[in-house]
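Trainee: Could we go through this structure together? I'd like to know what stands behind each label.

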Amino acid sequence: MSRNGHGVALVLIGTFPMPAGTRFSRHTHPVHQLAWASSGTLTVDAEARRWVLPTTRALWIPAGMPHEVVAAAHTTMTSLYLPAVPREAPEKWSGLQAVEVSRLLAELIIHLNDPDLGAGHRARGEALLLDLLRPAPVTALDAPLPADPRAREVAQALLDEPASGLTVDAWGRRVGASGRTLARLFLTGTGMTFGRWRTLVRLQAALPALAAGEPLDRVARAVGYETTSAFVAAFRRETGTTPGAYFRPTAPGGNGPTP
């Protein structure tokens, strides 16, 4: 963890190599955390929600919030620990918040992780860091888990096997509920239809493979899509962009992905 040898660092940074399957079980921090995969893809579970984060997204985790972190493939987790929230719209940072990691923000984090950085440079960099933190303009593919035990059982099964093509009626029979009841439980428990929830889970499952550079058609089939075009259409519908653009950082001061 980086501390400034010439003064006290406001923002502490820790870098954690995470081989595939590494899990940091449920825990809390006394300060705010910005969890970022500087390489690979992070999965964070908190408040019955699952966030799958490529290198272009980080997750703001407020102080005291229990969370669990998992790496499906080899990942480097870079965590920033901050005692204060960004000055702009502080009310937005009271809960979990996806953050866009632009090219400038990524470079600044690397800069601040230099243990030999002077106090003046560090202070200016930390002030800029807080100014650069912005909510992600597109969804982080958040799929909340339903509370009802029947719906939760189905949700967990789909998280384990996202490519499953079972209908809501078939899932209902497995857990002792009608298809209509199960659909209602997903809608009331997650705020979205069963179909959309399953789409988000499939897209979540695709992110580590996409980040590793696997062919798009192979990734699409692995998460349950018969065609690449159907997968890309679902990805664009939920994120507002294509799979390739989702993994490209925005240029400094830009409004969209770099070429």
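Predicted model: local features only at pLDDT ≥ 70, side-chain atom pairs only at ≥ 80, totals over all residues.

Trainee: Why is threonine 43 called buried?

Mentor: Buried means under 20% relative accessible area, exposed over 50%, partly exposed in between, with a 1.4 Å probe and protein chains only. Threonine 43 has 12% relative accessibility, so it counts as buried.

Trainee: What does threonine 43 touch?

Mentor: Leaving out residues up to four places away in sequence, threonine 43 touches Arg50, Trp51, Val52, Glu68, Val69 and Val70. Contact here means heavy atoms within 4.5 Å.

Trainee: What makes phenylalanine 186 and tryptophan 197 an edge-to-face pair?

Mentor: Rings of Phe, Tyr and Trp (its six-membered ring) pair if their centres lie within 6.5 Å; planes under 30 degrees apart count as stacked, over 60 as edge-to-face and the rest as tilted. The centres of phenylalanine 186 and tryptophan 197 are 5.3 Å apart and their planes stand at 65°, so the pair is edge-to-face. Phenylalanine 186 is at 0% relative accessibility, so it counts as buried, and tryptophan 197, also at 0%, therefore counts as buried too.

Trainee: How many aromatic pairs are there by this rule?

Mentor: The count comes to 7 aromatic pairs. One of them joins tryptophan 60 and tryptophan 93, edge-to-face at 5.2 Å centre to centre with 65° between the planes.

Trainee: Why does that pair tie together parts that are apart in sequence?

Mentor: Tryptophan 60 lies in strand 6 (residues 57-61) and tryptophan 93 in the loop between strand 8 (75-82) and strand 9 (97-100), so parts 33 residues apart in sequence are tied together. Strands (E, at least two residues) and helices (H or I, at least four) are DSSP runs, numbered from the N terminus.

Trainee: How do you know that arginine 57 lies over the face of tyrosine 246?

Mentor: The rule wants NZ of Lys or CZ of Arg within 6 Å of the ring centre and within 35 degrees of the ring normal. Arginine 57 is at 4.6 Å from the ring centre of tyrosine 246.

Trainee: Which residues does helix 3 bring to helix 6?

Mentor: Val154, Ala155, Leu158 and Leu159 in helix 3 meet Phe194, Trp197, Arg198, Val201 and Gln204 in helix 6.

Conventions:
Residues numbered from 1 in each chain as written. Heavy atoms only, no water.
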